[in-house]
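Let's take a walk through a protein model together. Keep the 3D view open and follow along.

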Amino acid sequence: METTDFEDILIINASITSETKQHEIYITRSYKAEEKEVKVSGAKVEILVNNGESLTFEETSPGIYRSTTVFGAVPGMDYQLNVTDEKGERFVSPEVQITAPTSIDEISAKRIVNENGMDGVEIYVDGTSIAENEGYFRYEYEETYRWESFFKPLKGFRIVSESPPLLELVNKETEERFCYVTENSNTILIAETNNLAQDKVDDFPVRFIERRDRRIAFRYSILVKQFAQTSTSYEFYQTLKSFSSSDNLFSQPQPGLIVGNIRHESDDNVKVVGLFEVVSFTSSRFFFSFQEIFGNDIPFLDDCPRDSYGSLSDPELFQRFKSGLIKFVAEDPPFTYQVAPARCVDCTRFGTNVVPDFWED
């Protein structure tokens with residue numbers, strides 16, 4: 001069934017922070033539920049600063065515009081977003097100043113049974129506004145976890161000949177036992193302190209992970225990012241959160257309900273959904289291991305079946321290895337070659353074998 005009463009609406013997601021980096025602005029258009037996301041190419045994007053500086057952004061891939069210079073927003077400056085879309089329509093924000101700084105006081109992890117009856121670990125954050133803010137916080141996180149292969153052989157197969165088929169056992173040259181996977185949050189996490197005595201967030205739940213989730217099977221790290229928001233930003237994200245069920249939070253806008261701060265330069269009848277915010281940023285990293293939360297009762301099951309072959313010239317073994325389906329596990333007993341699905345042997349199927357600079361064991 002096709003979507004009715006469809007409106008073509010520009011969508012702008014522009015959040016600039018105090019973090020010194022190349023910032024990114026995302027521009028898309030509304031699209032029908034049965035269609036793919038429409039990413040806007042060919043737009044012109046700049047941020048004007050009241051000191052006369054112009055921060056320009058260039059398109060790095062469809063819908064993504066990255067600043068051509070490294071910068072961080074600073075107090076006392078006014079920032080204004082200007083976007084000219086691919087149709088030549090110009091959109092502007094009001095002049096915005098950066099919000100006051102905040103601090104992350106503590107990150108903690110506790111074992112809980114959530115409202116759905118699931119046993120797992122909840123990660124909490126405590127945050128405080130260092131100066132006067134409006135009492136609104138937004139959170140994002142980046143999680144990194146160690147992925148260990150179920151089997152950890154130091155040897156592997158190598159093709160010697162295809163005709164006739166022949167493999168040999170050699171020492172591995174690539175680390176396939178221990179890898180690291182990094183994933184970013186894709187949900188809206190907002191908190192407000194207006195009804196509290198202090199401008200402080202206590203035990204705000206950032207992330208719940210079920211006990212049997214392999215993310216936490218070994219060693220887990222989370223980088224929590226805290227942003228101080230204005231009431232306009234908070235209301236914008238709160239409205240999005242109330243109806244959004246998509247990983248792309250700006251995919252199905254309802255312009256009659258979402259109030260941002262970006263407008264068409266001269267025609268209020270041209271609809272746009274978007275927010276330009278300039279927010280202070282702080283972050284903190286936290287580590288834990290499975291045993292620290294749950295003890296030694298590890299609930300992860302062996303789902304890695306093994307097969308055995310009696311010859312390195314077995315045609316079936318050769319074809320399965322060449323196709324990437326299996327890898328060598330062990331030679332046990334001698335001249336009997338045990339194999340398992342590649343996902344059980346090669347952790348690079350899931351992440352990188354390069355240890356992150358921040359990693360702590």
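We'll start with a sheet, move on to the nonpolar cores, and end with a loop.

Keep in mind that this is a predicted model. Find the open sheet of three strands, in the order β9-β10-β16, with antiparallel pairing. In general, the strands of a sheet pair through backbone hydrogen bonds. Now look at the edges: β9 (102–113) and β16 (200–210) stand there, and each has a single partner strand, so one side of each is left without a neighbour in the sheet. On average, neighbouring strands of this sheet are turned by 20 degrees against each other, direction ignored.

Zoom in on the pairing of β10 (residues 119–129) with β16: eight bridges join these antiparallel strands.

Next up, the cores. The largest nonpolar core has 31 residues, and Tyr139 and Phe288 touch the most other members. Strand β11 (residues 136–148) gives the most to this core, with five residues. If you click on Tyr139 and skip residues up to four places away in sequence, you'll find that it touches several others, including Val125, Leu189, Val201 and Phe204. There's also a second, separate core of 26 residues, with Ile16, Ala43, Val45 and Val83 among them.

Last stop: Asn296, in the loop between α2 (290–294) and β21 (307–309). Is Asn296 buried or exposed? Its relative accessibility is 70%, so Asn296 counts as exposed. Asn296 and Glu95 are 201 residues apart in sequence, and their C-alpha atoms are 55 Å apart in space.

How values were computed
Residues numbered from 1 in each chain as written. Predicted model: local features only at pLDDT ≥ 70, side-chain atom pairs only at ≥ 80, totals over all residues. Heavy atoms only, no water. Pairing = 2+ DSSP bridges. Helix = DSSP H or I, 4+ residues; strand = E, 2+ residues; numbered from the N terminus. Axes fitted to C-alpha atoms, helices over the stretch in contact; angles between N-to-C directions. Buried < 20%, exposed > 50% of the residue type's maximum accessible area, 1.4 Å probe, protein only. Core = buried A, V, L, I, M, F, W, Y, C linked by side-chain atoms within 4.5 Å. Contact = heavy atoms within 4.5 Å.
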